[in-house]
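Dear colleague,

I am passing on the structure below for your files. My notes on chain B follow it.

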Amino acid sequence: MAIQDIFNAVMAFDEDKVKQLTQAEVAAGTEIGAILNQGLIGAMDTVGEKFSAGDLFVPEMLMAAQAMKAGLAILKPLLSAGQAQARGRVVIGTVKGDLHDIGKNLVSMMMEGAGFDVIDLGVDVASEKFVQVATEKKADVIALSALLTTTMPAMQTTVTAVKEAGLASRTIIGGAPVTQGFADQIGADGYSPDAPGAVKLVKKLMA
Amino acid sequence: MRYFEYFSEQEVRRIHETCLRLLETVGVDFSFEPALEVLKKAGCKVEGQRVFFPPTLVEAQVAKAPAQYTLQARNPEKSVVIGGEHIAFIPCYGPPFVTDLDRGRRASTLEDYINFVKLGHASRSLDITGGMMAEPNDVPHERRNAEMMYASMRYSDKPFMGGAIGAEAARETIEMTAILFGCSEAALAEKRPIISILCARTPLAYDDRMLGAIMEYAKAGMPQLISSLSIAGATAPVTMEGTLVVQNTEVLAGIVLTQLIREGTPVVFAGSSSCSAMRYGTLSIGAPEMAVNTAATAQMARFYGIPSRGGGALSDAKLPDAQAGFEAMMSQLMATLSGVHFVLHSAGILEGYMVSSYEKFVLDDEICGMCKRIKRGERADEDRLAFELIRQVGPGGEYLTQKHTFQNFRKEIYANLLEEKDSYANWQQKGALSIDRRANQKWKEILKAYQEPQLPAETDKALRRYIERKYGA
């Protein structure tokens, strides 16, 4: 019953309630994995469906994610190494020369909400930095964003650098001027036209 | 003509004071050392990249920007006045994709850019050749600005827009324009044949590439739009009033910089803010909020005595369809009625600035023509009221055969390019075409009938030589 209450609190965008109830469940000795998967990630999966259906809009989806993350912060120190990386680890950033970040931030937050461990490198990120962090953190996916056509070549540079470094990480790209064709051209593993699609894409790549 | 305005005088003051307070206490980030030096020397408090502006400095500098100026065209008859009672329409700017009903959506090429220069040149209602109307994806990056500048200079004799990606593009534009006019750069400052758009990075910042170009153009006395696209709910408050304040604060900060570099250098107070499409977290430009901001920007620019930019034939639609039509007309009508001077994106835009459409280009040209007619308005003069004529014709008479009608109808009534006004039977017989299909025929006709306004051979050679010396054959 109580895990359902956590689920409902996320759906109600109630950060304080999520924190309170998660704390209580942990204290009650409920299995951490169950709280994580059924209470928090489960709620965000439902949020994701409602968002795709157009019943919830971006600010609401982000509020739900914020509430979920508050609960996740309480569980994090208690998660096993396997549980922590369970769904996957993503390194994300806007490529070198580009300072636009709204879209990237949206993808970042939606991925976290979906239970992925996200390392956001910010904007104007050199290909070397992507490779370095992905190597250190053993990232499953490297996600690249660009809004400017003039910075799209930096996506190619990064994808090539990842391959040359021999990383197992998959690369995905997105941004308004980016297309599937461009992704194919530069050898990226995937492309998404929007944030929900990026989350689905990463889930598919991790399957 | 009296303009549509939302705000009372008191509200205008309050908006202005809020901007001054932000400039003084919150500040704006300038990520470019040379700009920081200029601002510091002028009396701003500078902490790292954060610049705090004294209100007296802001008001004093903003007052130096001219209220009106003329862009001289290669063909003097096509010179354009920016400011006062005038409105100028300029095509789309920025899309990396192009579309038409035959070939569909695709990455744009230099040929598309050239086609849009030609369509603009042939237009009665578009005043200035657009910049970056379709990104030439088939040209190596470094060379794109030069090839677009050459195309603007060769295929049209109207004033045109300059490059904006960094000081290098600005420099290159100025050098090529000096070759075109066969004069020194100092003399160019008198002619002002180009205008460029430079933007803030919302909220409350300017990046190094934009600042490099802003400073280069200001030094040369070249007109420039100091522009902000603040997105309500994403990069600015979700209230349009809050977005207006973020927008104006950025624009004022940029204008102060230009005037400090060269007093009296012409600028445009440019606001193109809108709201997010909250379902997707993306920018929506075919939104009523955009129209609201257009009027608000125009009114505030009038308060500052600086020409304004806003509006456009703006649409989020994917096709030149009904959505594209009503969204575009909404923004253009608002721009016209609220007294905007410089209307960018007035031809071709689809998909919220991502795509330039050939069909929409000519449809929008029609909208520009209609809006110019609306701006012309009415003058209740004795002879225009036509009392004598009405008395002569009397009750029960008719006007179709009157000499007065015969003599004046062509200049009195707007002559449409494209709109379908024929009878149903005739429309059917002509092929029962929807307006986008008519537009598809029309742009092809225009390109076929296009006549190049020849550049003098030496000028053309000098321009090609400049490009080849920099980038190879």
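**Notes on chain B**

Chain B falls into two parts: domain 1 covers 68–376 and domain 2 covers 382–412. The C-alpha centres of domain 1 of chain B and domain 2 of chain B are 42 Å apart.

Please keep in mind that this is a predicted model. Its scores are ipTM 0.88 and pTM 0.94. For chain B the average pLDDT is 97, and 100% of the residues reach at least 70.

On overall form, chain B contains 18 helices and 20 strands. Its radius of gyration is 23 Å, close to the 23 Å that the globule rule gives for 473 residues, so chain B is as compact as a globular protein of that length. Along the principal axes, the C-alpha atoms of chain B occupy a box of roughly 75 × 60 × 50 Å.

I also looked at one helix pair. Helix H5 (residues 144–155) of chain B and helix H18 (residues 457–471) of chain B have axes that come within 11 Å and cross at roughly 175°. An angle over 145 degrees counts as roughly antiparallel, and H5(B) and H18(B) are therefore roughly antiparallel to each other.

Which residues meet in this pair? From H5(B) they are B:Ala146, B:Tyr150, B:Met153 and B:Arg154; from H18(B) they are B:Asp460, B:Leu463, B:Ile467, B:Lys470 and B:Tyr471.

Regards

Terms used
Residues are numbered from 1 along each chain as its sequence is written. Chains are lettered from A and ligands numbered from 1 in the order in which they are written. This is a predicted model: local features need pLDDT of at least 70, side-chain atom pairs count only at pLDDT 80 or more; totals for chains, interfaces and linings use all residues. Domain bounds come from an automatic or database domain assignment. pLDDT is the predictor's confidence in each residue, from 0 to 100. Axes are lines fitted to C-alpha atoms, for helices over the stretch in contact, and angles run from 0 to 180 degrees between N-to-C directions. Helices (H or I, at least four residues) and strands (E, at least two) are DSSP runs, numbered from the N terminus. Angles under 35 degrees count as roughly parallel, over 145 as roughly antiparallel, 65 to 115 as roughly perpendicular and the rest as oblique. Two residues are in contact if their C-beta atoms, placed from the backbone, lie within 7 Å. The radius of gyration is taken over C-alpha atoms; the globule rule is 2.2 Å times the number of residues to the power 0.38.
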